[in-house]
Amino acid sequence: DVSPVVAGLIGATVLVVSVSVTVFVWTCCHQQAEKKHKTPPYKFIHMLKGISIYPETLSNKKKINRIRRDKNGAPKEPGRGNLLVDAAESGLIGSDKAPDGPSAAPQVDQLPIKVDYGDELSPDQSLTPGGSKTSSPSSPGDDVLLGELTFSVDYNFPKKALVVTIQEAHGLPVMDEHTQSSDPYIKMTILPDKRHRVKTRVLRKTLDPVFDETFTFYGIPYSQLQDLVLHFLVLSFDRFSRDDVIGEVMVPLAGVDPSTGKVQLTREILKRNIQKCISRGELQVSLSYQPVAQRMTVVVLKARHLPKMDITGLSDPYVKVNVYYGRKRIAKKKTHVKKCTLNPVFNESFIYDIPIDLLPDISIEFLVIDFDRTTKNEVVGRLILGAHSITTAGVEHWREVCENPRKPVAKWHSLSEY
């Protein structure tokens, strides 16, 4: 015989367990169904030396089909055995670490910053050349030759696909004085929408890298090719610091006609000119320094005229604030996300304890980022104030802050590409 109380407890326990199991099973099935219908972040096929990494199925699991070629370059029947790899580990980087991956940055003991330390690398470009680094933003008209890039452009009419093959580069400059070499890789973007952004793997210790990587972009009508520009950014990977920008190549497709077949091109690599970058909108920020408390107050006020990043014609922006001492990031903060707007109002402040004698070596980087729930967040634009500011307005803003203590100085700044 069981007392009614015990029987009630047993019944309630069984009921709770049954409901929990049912909810767990339903959640698993729902997540599995979402994965099957999830759209990949980029609709392109990546070919690495005859290996198709992104086949046309564009599913979550990618098949690698090894394609044999004869002496004339014509593909033969694929060999037996397909290797399933995850899309996130699809060979874009190879056996080396990702060039954008985090690296452990040494902490600056002598700087008593009271906010969290970070070791994540910010996008692409170094704040300023340091030590043996040789890359720096060039002044307008200062077209320094930094080697040549060879690539080819083709178009697949049945599939409405643009095919770009990054073949090789020659005569790159030395970016690492210790090894007298570089670790180059290339990032490619299709302008002006920047909807497709891809990168090659890193090739170690070479000034004449041979990439031989093919990217196929679907959904690009042939009639729109004349309005597109291929942007190649040549970088050198640095394991212990931020990657160095070697140079860039801009190729308007208005002068390229791939209708009759593959077009092979060789272009000179020119030093990146920040002044020629397309405007990415404006950001208003306010800075104020308290010399007695030795405290810097940073207020992210608002932004305007941001580019359209979503298919809805809007964006979901937020601002990430990075503080650097020299070239090492020592603090990071970010605002809340503002949904569906190109003119967000943030009005969020951040306080950093910075000794007054270290102000000449401090830089504050603002990254306006478009939040995306399904794919990777995309950086919209960039602003740097402080020691490594690259614009006249940025230098003037920082000078006013230092010369007018305890006074908030707010200004609008144009965002640059990163």
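Val-21 is partly exposed in this predicted model, with a relative accessible area of 47%. You'll find Val-21 in helix H1, which covers residues 4–36.

What does UniProt list for residues 6–29? An unreviewed entry there gives this stretch as "transmembrane region".

Now for the cysteines. How many disulfides are there? The count comes to 0. Take Cys-29: the closest cysteine sulfur to its own belongs to Cys-28, and the gap is 6.8 Å, so the two are too far apart for a bond, given that a disulfide needs the sulfur atoms within 2.5 Å. Another cysteine, Cys-340, is exposed, with a relative accessible area of 52%.

On to strand S17, which takes in residues 345–353 and holds Asp-353. Is Asp-353 buried or exposed? Asp-353 is buried, because its relative accessible area of 15% falls under the 20% cut-off. The side chain of Asp-353 also has a partner: a polar contact of 3.2 Å links it to the side chain of Arg-295.

| Residue | Relative accessible area | Class |
|---|---|---|
| Val-21 | 47% | partly exposed |
| Cys-340 | 52% | exposed |
| Asp-353 | 15% | buried |

Technical notes: Residues are numbered from 1 along each chain as its sequence is written. This is a predicted model: local features need pLDDT of at least 70, side-chain atom pairs count only at pLDDT 80 or more; totals for chains, interfaces and linings use all residues. Side-chain values use heavy atoms; hydrogens and water are left out. UniProt positions are given in the numbering used here, feature names are shortened, and annotations may be inferred rather than shown by experiment. Buried means under 20% relative accessible area, exposed over 50%, partly exposed in between (1.4 Å probe, protein chains only). Helices (H or I, at least four residues) and strands (E, at least two) are DSSP runs, numbered from the N terminus. A polar contact is a pair of N or O atoms within 3.5 Å; within protein, one must be able to donate a hydrogen and the other to accept it, and residues adjacent in sequence count only if both atoms are side-chain atoms.
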